[in-house]
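I opened the model and kept notes as I went. The entries follow the order in which I looked things up.

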Amino acid sequence: MLSYYTNIPFIKPEFINFGLTHRCNLRCKICETWEANPNIKKELTLAELKNVIDQIADWGNVNVSFAGGEPLIRKNDLIDCIKYAKGKGLTTYVTTNGMLIDDKVSEEIVNSGLDYLQISLDGIKNKTNDYIRGKGSFDGSMKAISYIKKHKEKAKSLLKLSLTTVITNKNVDELLDIYKFMKDRGLHEVAYNPYTVDNSYMKDKNYEDDEFWVSDGNIEKLRTICDKLIKLKKTEGKIGTPIISLKLLPDYFEKKTRFKSGICLAGYSYMYIKPNGDVDVCGKGPSLNVRNMSIKKIWYSLSFGKARLKMATCKKPCLMLCFPRISFRDVIS
């Protein structure tokens, strides 16, 4: 909070997320990342990725995550990065659609020492998930879960296998069933993320006509479901979404562009490294590149300070888990 009100980063980022590639094997209707220019020649090389990991390890006590696009498109580099980061004592996270996880790949993932693996599942029904994420995606997620569980048990691995679910108008009725599936399969948890019309946070979109935005007719149903999820989180845990976010989800969808709740701490909790090495949060900068400047210097740079000011005045509704929009009352309660 002191960092926010002074615009001086007194703390390190909690997470540094590597976008290994914009390439993806799916064409999800709720994502625009795959539409970005997947310039393979400009992607950070394995040597460059390891150099940044060295800098993070020297900085100390920062979580490292790998995403995409689909990070397993760069499977060999991903596995090498996980092993390298673990050798430096860092906690590692990977988010994947699971489609590229077969028996051999799952064994490599488990043996890499990865700490947390999230597999996307946006519908407990095959039809729902495949409509949102593409044909075959439901079966792909199911197979990935089975393969990872098999090798996790075989290796007696402490890997925490979880689900990540984007809440949309198409899956409101399946959110509690996804929780039940997660629990019945003995998974670590499920994280519920609200759908955003533009996940680049740079474009203006029409909230009213979007088929995935939770409709007015489903708001009260979502409110009831969120109340149940809050009770489950309090009694059983196994839900990665903060209680404050679960409370605010119905308001987020109901109020659309009028949704404002507290302050956004993205600039003080999070750093995103694009596949080409540019550092950017919410499309607001600082647009400095790790090839030319250390991540620590980027974090404390004037350019990042200017980007934080842009984030502080951002008008777009946001309730993403990595961009916590909270109030002072939430902090002290």
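Is Ser287 buried, exposed or partly exposed? I looked it up: Ser287 is partly exposed, with a relative accessible area of 49%. My cut-offs for relative accessible area are under 20% for buried, over 50% for exposed and in between for partly exposed, with a 1.4 Å probe and protein chains only.

Ground rules next. I am working on a predicted model, where local features need pLDDT of at least 70, side-chain atom pairs count only at pLDDT 80 or more, and totals for chains, interfaces and linings use all residues. Residues are numbered from 1 along each chain as its sequence is written, and side-chain values use heavy atoms, with hydrogens and water left out.

I stayed with Ser287. Ser287 lies in strand E10. Helices (H or I, at least four residues) and strands (E, at least two) are DSSP runs, numbered from the N terminus. Ser287 is not a glycine, yet its phi is positive, about 60°. Most residues other than glycine have a negative phi, and most peptide bonds are trans.

I then checked Pro286, which is also placed in strand E10 (residues 286-289). The peptide bond from Gly285 to Pro286 is cis, and its omega is near 15°.

I noted another cis peptide bond between Gly68 and Gly69, with omega about 15°. Gly69 sits in the loop between strand E2 (63-67) and helix H3 (75-87).

I found Asn61 in the loop between helix H2 (46-59) and E2. Asn61 counts as exposed because its relative accessibility is 74%.

**Entry: the core**

The largest one has 89 residues, and Phe18, Phe66 and Phe253 have the most contacts inside it. H8 gives the most to this core, with seven residues. In soluble globular proteins, nonpolar side chains tend to be buried together.

I listed the neighbours of Phe66, where contact means heavy atoms within 4.5 Å. Beyond four places in sequence, the contacts of Phe66 include Phe18, Ile53, Leu78, Cys81 and Val94.

**Entry: helix pairs**

How do H8 and H9 pack? H8 and helix H9 (residues 243-255) pack at about 175°, with their axes 9 Å apart. That makes H8 roughly antiparallel to H9. Axes are lines fitted to C-alpha atoms, for helices over the stretch in contact, and angles run from 0 to 180 degrees between N-to-C directions. Angles under 35 degrees count as roughly parallel, over 145 as roughly antiparallel, 65 to 115 as roughly perpendicular and the rest as oblique. The residues of the contact of H8 with H9 divide into ten nonpolar, no polar and six charged. For these classes, Ala, Val, Leu, Ile, Met, Phe, Trp, Tyr, Cys and Pro are nonpolar, Asp, Glu, Lys and Arg are charged, and the others, Gly among them, are polar.

I moved on to helix H5 (residues 126-133) and helix H6 (residues 137-155). Their axes come within 7 Å and cross at roughly 110°. That makes H5 roughly perpendicular to H6. H5 supplies Asn126, Asn129, Asp130 and Arg133, and H6 supplies Ser137, Phe138 and Asp139. This contact has one nonpolar, three polar and three charged residues.

**Entry: single residues**

Ser141 is also in helix H6. Ser141 counts as buried because its relative accessibility is 2%. Beyond four places in sequence, Ser141 is in contact with Asn97, Ile119, Ser120 and Leu121.

Ser112 lies in the loop between helix H4 (103-111) and strand E4 (116-120). Ser112 is buried, with a relative accessible area of 5%. I traced its side chain to the backbone oxygen of Ile109 at 2.5 Å. The backbone nitrogen of Leu114 lies 3.3 Å from a polar atom of the Ser112 side chain.

I finished on Glu236, which is in helix H8 (residues 219-236). Glu236 counts as partly exposed because its relative accessibility is 34%. A polar contact of 3.1 Å joins the side chains of Glu236 and Lys183. A polar contact is a pair of N or O atoms within 3.5 Å; within protein, one must be able to donate a hydrogen and the other to accept it, and residues adjacent in sequence count only if both atoms are side-chain atoms.

Definitions and conventions
Core = buried A, V, L, I, M, F, W, Y, C linked by side-chain atoms within 4.5 Å.
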